[in-house]
Amino acid sequence: MGTFQIEGGKALKGEITPQGAKNEALQVLCTVLLTTEKVTITNIPDIIDVNKLITLLGNLGVKIKKNGHGSYTFQADEVNVGYLETEAFKKEGGSLRGSIMIVGPLLARFGKGYIPKPGGDKIGRRRLDTHFEGFINLGAKFRYNREDHFYGVETTERLKGTYMLLDEASVTGTANIVMAAVLAEGITTIYNAACEPYLQQLCTMLNSMGAKITGVGSNKLIIEGVDQLGGCEHRILPDMIEIGSWIGLAAMTRSEITIKDVSWDNLGQIPNVFRKLGITIERRGDDIFIPAHKDGYQIKTDIDGSILTIADAPWPGFTPDLLSIVLVVATQAKGEVLIHQKMFESRLFFVDKLIDMGAKIILCDPHRAIVIGHNFQSQLKATTMTSPDIRAGVSLLIAALSAKGTSTIQNIEQIDRGYERIGERLTAIGANIVRV
Ligand SMILES: CC(=O)N[C@H]1[C@@H](OP(=O)(O)OP(=O)(O)OC[C@H]2O[C@@H](n3ccc(=O)[nH]c3=O)[C@H](O)[C@@H]2O)O[C@H](CO)[C@@H](O)[C@@H]1O
Ligand SMILES: C=C(OP(=O)(O)O)C(=O)O
């Protein structure tokens with residue numbers, strides 16, 4: 001188990017460039033299974049989850065060539081579908097959430113897709129019903145082995161396009177169904193589709209491979225199935241969750257930071273939500289400039305004066321993956337905010353650690369926490385903590401960087417799942433973080 005030692009209480013300064021988006025990478029890497037031709041993807045983040053998925057593709061027989069940092073060419077012309085039935089796959093295949101998205105492409109191209117219960121953050125129940133209901137709608141037969149939590153879909157015929165209304169706008173579920181439907185016979189309509197930039201990028205990429213998807217960016221996707229797809233080149237967008245994390249980091253450590261090349265047009269609510277916390281966010285070309293908040297930041301209230309609520313919602317709502325960051329940043333704001341994590345049940349429990357550090361937080365129930373900011377009148381105290389999930393981990397890291405003294409964060413593999421060389425990159429702008 002890796003550990004970070006952090007010397008906090010110091011302002012940082014400089015420029016930071018976001019990595020490619022983890023959640024987009026996990027989707028677009030799975031598209032390579034849909035064609036025999038070469039697919040080149042750039043701006044792939046060098047993080048544990050993505051590297052595990054690349055290894056899994058290699059185990060399936062996909063040819064992989066690394067062209068340089070973040071750039072790979074894949075060719076799935078000799079896929080070994082038999083790997084899905086090996087013990088090695090049962091052990092490794094579920095070690096990350098993103099591996100679930102190999103199922104749609106494999107089902108569409110080879111008539112079968114299996115997956116052990118996927119991993120990812122332990123942040124509450126994470127159902128897969130939307131994925132499998134979608135495949136069943138396209139004509140696949142579903143089986144589930146309860147004993148070893150092994151899911152499977154099969155078909156002896158080509159999948160058939162149909163109308164479907166998803167029970168919820170699942171991000172990976174929509175991606176999986178889209179990747180199955182692009183090779184189905186006829187037209188598939190997916191209503192209540194998720195439409196995060198990750199999905200917009202996936203659909204744009206599939207269209208450049210020859211798919212016929214319309215409605216991209218909306219919650220109604222119409223897919224006209226094609227017989228085959230070809231190769232393409234695709235560049236992954238900057239990671240909006242990392243960008244939000246750096247905004248929070250800058251505010252809470254009262255640092256002047258420029259976040260480079262953020263792709264402003266794909267940030268949705270993110271800048272506005274941080275502005276509601278009172279944080280100054282300047283647009284400079286395609287960069288974000290955050291000045292040092294020497295006088296702190298004041299949380300806004302609603303027009304009628306009531307306490308601000310920040311809640312998650314499917315896109316174009318605010319992403320749940322940034323609520324933990326918003327929460328930690330609020331602990332030093334002036335004012336109060338209610339954080340309402342609607343999607344996940346166990347994502348707020350990490351606030352106990354912040355409370356130990358001196359933050360004023362009331363955990364009302366597993367979904368809601370009220371934060372009363374210190375307005376920098378009282379600094380958080382350094383402590384030893386364990387990173388429970390990727391975003392809580394980074395929130396604790398931000399708390400540690402703002403705290404007085406030396407903190408220790410254990411289980412930093414959780415952070416490394418999604419943030420590329422975070423220690424080195426933050427050290428380059430003046431943080432004091434040592435990996436021990
Ligand atoms: C690898 C990947 O891409 N992971 C992301 C993906 O996970 P993932 O695709 O697994 O998440 P889903 O979108 O399926 O659902 C997330 C949770 O929200 C609930 N839910 C979902 C939709 C909805 O309309 N109402 C609702 O309550 C689900 O029941 C589930 O508990 O999307 C999540 C939601 O943005 C993000 O936190 C994850 O970082
Ligand atoms: C919840 C997350 O990831 P995953 O779905 O991979 O667990 C996340 O990125 O915040």
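Let's start with Pro316, which sits in the loop joining strand E17 (308-311) to helix H10 (323-330); helices (H or I, at least four residues) and strands (E, at least two) are DSSP runs, numbered from the N terminus. The peptide bond between Trp315 and Pro316 is cis, with omega at about 10°. This is a predicted model, where local features need pLDDT of at least 70, side-chain atom pairs count only at pLDDT 80 or more, and totals for chains, interfaces and linings use all residues. Residues are numbered from 1 along each chain as its sequence is written, chains are lettered from A and ligands numbered from 1 in the order in which they are written, and side-chain values use heavy atoms, leaving out hydrogens and water.

Another loop, between strand E7 (141-145) and strand E8 (150-154), holds His149. His149 is not a glycine, yet its phi is positive, at about 50°.

Now for ligand 1. It is surrounded by 17 residues, each with a heavy atom within 4 Å of it. Seven of these residues are nonpolar, three polar and seven charged; here Ala, Val, Leu, Ile, Met, Phe, Trp, Tyr, Cys and Pro count as nonpolar, Asp, Glu, Lys and Arg as charged, and the others, Gly among them, as polar.

| Residue | Part | Distance |
|---|---|---|
| Arg97 | side chain | 2.8 Å |
| Asp321 | side chain | 2.5 Å |
| Met343 | backbone | 3.4 Å |

Conventions:
A polar contact is a pair of N or O atoms within 3.5 Å; within protein, one must be able to donate a hydrogen and the other to accept it, and residues adjacent in sequence count only if both atoms are side-chain atoms.
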